[in-house]
Amino acid sequence: MMLIDRPALLARLRAYRNTDQVKVLVGVRRCGKSTLLDMFRQELVSGGVELRNVFVKRLDGFDVPIGYSAEDLHSELQAAMDVSDSTLPFYVFLDEVQDVSGWELVVRRLQSRANTDVYITGSNAQLLSGELSTHLAGRFVEIPVYPLSFREFAGMDSHRDISPDTLFAEYMRYGGMPGLMTLGDTDERTKTDILAAIFESVIVRDVAQRYGIRDLSSLDKLSRYLMATSGNLFSTNSVVNTLRSAGVKTSYVTIDNQIRALEQACVIYDAEQEGIRGKELLHPQRKFYAVDNGLRNLTNNFTFSDRGAQLEGIIFMELLRRGYRVTIGRSGTGEIDFVAASGASREYIQVTLSMLEDSTRNRELRPLQALTDAFPRTVLTLDRFSEGVTEEGVRIVNAVDWLLDDVHR
């Protein structure tokens with residue numbers, strides 16, 4: 001199987017190696033968590049760690065017996081520890097740990113064991129963080145794992161001789177789910193089939209089954225609707241009304257619970273609207289973004305008509321990768337696509353396909369020009385003719401170059 005280099009994530013794992021914190025990798029199913037753990041395990045073994053001091057268990061695998069319990073896991077771990085070298089660190093890798101009831105009690109015991117380095121993955125952010133907060137308060141670190149960034153995608157050996165703009169067109173259309181890349185160059189039908197299989201497994205396994213959602217039809221319609229209309233401001237009420245008008249029998253509580261389940265399964269992410277001038281909106285709306293553009297475009301039949309929204313989703317997910325807290329800005333002069341905050345600093349970002357039309361240029365710049373603080377203001381665009389800095393200090397940057405930039409990593 002082809003392994004895709006993910007240097008930033010591997011660097012984070014190396015930074016936490018041999019610390020007493022449990023390392024928790026969280027992300028949507030099939031985004032590469034298992035492969036990342038395996039790459040790190042291989043790195044440890046190549047660096048001299050003995051195999052008897054490494055325990056690996058994929059808990060959603062076919063070879064895991066039906067009814068496999070926390071007691072079974074504990075017994076296997078104890079047996080492995082008995083034959084390990086107790087004078088050296090013992091490394092534990094538990095993949096898709098949420099599939100075993102009571103897993104958190106085992107992880108708590110591992111964390112308290114001397115000379116034990118623990119790494120776990122899961123596809124449910126709330127389940128992991130909630131249980132770990134109860135049993136391991138302050139003793140775990142969460143490492144989000146997303147599908148491939150454009151920089152990772154462009155850095156693949158098979159892509160090195162292709163221009164960034166050509167690669168971006170492919171990435172924008174089909175996204176960065178690693179499963180697409182490991183098969184090499186495939187046709188559109190194959191890509192569509194792979195993405196459809198991923199989408200179905202995530203919706204059925206990580207959302208419907210885990211949360212006991214029986215109405216798969218309404219869940220499917222909701223998830224497809226949120227992805228296909230990503231970049232639009234919504235309230236839960238407006239989503240309910242739209243689905244009802246399409247003949248879906250549902251309620252506010254049902255939709256709100258299903259949206260929360262989709263978020264917890266790392267399928268969609270949201271950005272809330274906020275007031276720019278310090279006064280928060282009393283009833284903020286939200287924008288929802290799909291974790292991956294390929295999954296998003298699958299629900300929209302890979303249309304070319306909404307490339308602006310596709311670009312916006314890619315930028316949003318990249319901001320999350322870079323560790324920002326992202327909200328939607330609102331002021332009297334218009335909307336600011338993203339307010340990216342990190343600690344006490346922030347950056348205002350507009351996203352548009354092109355700045356060539358005067359009306360578009362004025363619309364995108366007006367809210368940024370009205371700002372009075374000193375934080376950076378940036379427009380990201382696919383238009384290379386408009387790059388530069390305005391008189392007011394607004395940077396206009398090519399989005400492809402920004403995505404490949406290593407400065408903020």
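Q: Why is Glu96 called buried?
A: Its relative accessible area is 3%, and buried means under 20%, with exposed over 50% and partly exposed in between (1.4 Å probe, protein chains only). Glu96 therefore counts as buried. A word on the model: it is predicted, so local features need pLDDT of at least 70 and side-chain atom pairs count only at pLDDT 80 or more, while totals for chains, interfaces and linings use all residues. Residues are numbered from 1 along each chain as its sequence is written, and side-chain values use heavy atoms, with hydrogens and water left out.

Q: What stands out about phi of Glu96?
A: Phi is near 55° there, a positive value in a residue other than glycine. Most residues other than glycine have a negative phi. Glu96 sits in the loop between E3 and helix H4 (103-112); helices (H or I, at least four residues) and strands (E, at least two) are DSSP runs, numbered from the N terminus.

Q: What makes the pair of Phe40 and Phe93 edge-to-face?
A: Rings of Phe, Tyr and Trp (its six-membered ring) pair if their centres lie within 6.5 Å; planes under 30 degrees apart count as stacked, over 60 as edge-to-face and the rest as tilted. By this rule there are 14 aromatic pairs. For Phe40 and Phe93 the centres are 6.4 Å apart and the planes stand at 70°, so the pair is edge-to-face. This pair links distant parts of the chain, 53 residues apart: Phe40 is in helix H2 (residues 33-46) and Phe93 in strand E3 (residues 90-95). Both Phe40 and Phe93 are buried.

Q: How do you know that Tyr174 and Phe302 form an aromatic pair, and which kind is it?
A: The two rings lie 5.4 Å centre to centre with 50° between the planes, which makes the pair tilted. Tyr174 belongs to helix H7 (residues 164-174), whereas Phe302 is in the loop between helix H13 (293-298) and helix H14 (307-321), 128 residues apart. Tyr174 has a relative accessible area of 7%, so this residue is buried. Phe302, at 6%, counts as buried too.

Q: How do you know that the charged end of Lys191 sits over the ring of Tyr174?
A: A charge sits over a ring if NZ of Lys or CZ of Arg is within 6 Å of the ring centre and within 35 degrees of the ring normal. The charged end of Lys191 is 5.1 Å from the centre of the Tyr174 ring. Arg322 likewise lies over the face of Trp402, at 4.1 Å from the ring centre.

Q: Why do strand E2 (54-58) and strand E5 (140-144) stand at the edges?
A: Five strands form an open sheet in the order E2-E3-E4-E1-E5, with parallel pairing. Strands pair if DSSP finds at least two bridges between them. E2 and E5 each have a single partner strand, so one side of each is left without a neighbour in the sheet.

Q: How many bridges join E1 to E5?
A: Five bridges join these parallel strands.
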